[in-house]
Amino acid sequence: MFQAGAREAPELLPISMLNALVYCPRRFFYEYAQGEMLVNEHVLAGKVQHERVDAGGLRAAAPGLALRRVYLFSQRLRLAGLADMVEVTAASGDAPPEPRQVTRQADDDEAALDPQAEIVPVEYKKGSAQGGRLNDQVQLCAQGLCLEEQTGRVVAGGYVFSFRTMHRAWVPFTPDLRRQTEEAVARAFALLQRGVLPPPLPASEAKKCRDCSLEPLCLPDEVRALQRN
Ligand code: SF4
């Protein structure tokens, strides 16, 4: 049974919604099923910082290419969305590809066709240091799974770039992270199918609520208090 105003389960789920789901299932349901978006200082700062990334485009980065705002999808996982950046680099063995400076505008995509090239998604985040939290890593891994399905190549990992530190951290797509990512997809569709707003996070995770733009709508403290009575 769907609540009033809730959307039906989609054919393809936006990849970014996996981030919301892992952060908080209630936030996911508000944002995706009910279309609720509130802007706080964290959301606004993230939007401003993303403006350059969101401009899109293709650039050469020796040795390789950096493509901004790349559309990704997976028929198997029923996912679709945009990667902030996908880098196509020369193979570098077991070590993560070295960060490089984007230097000049590309006029062809030869590097993208290199059979030895490595494909690396990069996700830009406002404050995620050390590779981000699990919600960021699941979003990034979902991009990797889409890229694997679209290209037929193994995507070993990706980067979470932090606007706060201006550094990026390598996130390997381990079997465990891949499993958690696929479980998040299954949970998202199950929640949408059920159509019921999940309860707030437990008090032990209340710190997340302090950073959540939906706190004034969600009223987690009040709902928890009512649940206790
Ligand atoms: S305020 Fe807390 S419980 Fe409510 S949506 Fe945000 S993170 Fe989830």
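Modeller: First, a definition: axes are lines fitted to C-alpha atoms, for helices over the stretch in contact, and angles run from 0 to 180 degrees between N-to-C directions. Helices (H or I, at least four residues) and strands (E, at least two) are DSSP runs, numbered from the N terminus. This is a predicted model: local features need pLDDT of at least 70, side-chain atom pairs count only at pLDDT 80 or more, and totals for chains, interfaces and linings use all residues. Residues are numbered from 1 along each chain as its sequence is written.

Colleague: At roughly what angle do the axes of α1 and α2 cross?

Modeller: Helix α1 covers residues 16–23. Its axis and that of α2 come within 5 Å. They cross at roughly 140°.

Colleague: Is α1 parallel, antiparallel, perpendicular or oblique to α2?

Modeller: Under 35 degrees counts as roughly parallel, over 145 as roughly antiparallel, 65 to 115 as roughly perpendicular and the rest as oblique. The crossing is roughly 140°. That makes α1 oblique to α2.

Colleague: Which residues of α2 make the contact?

Modeller: Two residues are in contact if their C-beta atoms, placed from the backbone, lie within 7 Å. From α1 come Met17, Ala20, Leu21 and Tyr23. From α2 come Pro25, Arg27, Phe28, Glu31 and Tyr32.

Colleague: Leaving aside its neighbours within four places in sequence, what is Phe28 in contact with?

Modeller: Phe28 belongs to the α2 side of that contact. Beyond those neighbours within four places, its partners are Met17, Ala20, Leu21, Ala188 and Leu191.

Colleague: Which element gives the most to the shell around the ligand?

Modeller: α2 (25–33), α6 (206–210) and α7 (215–218) each give two or more residues to that shell. The top giver, with 3 residues, is α2.
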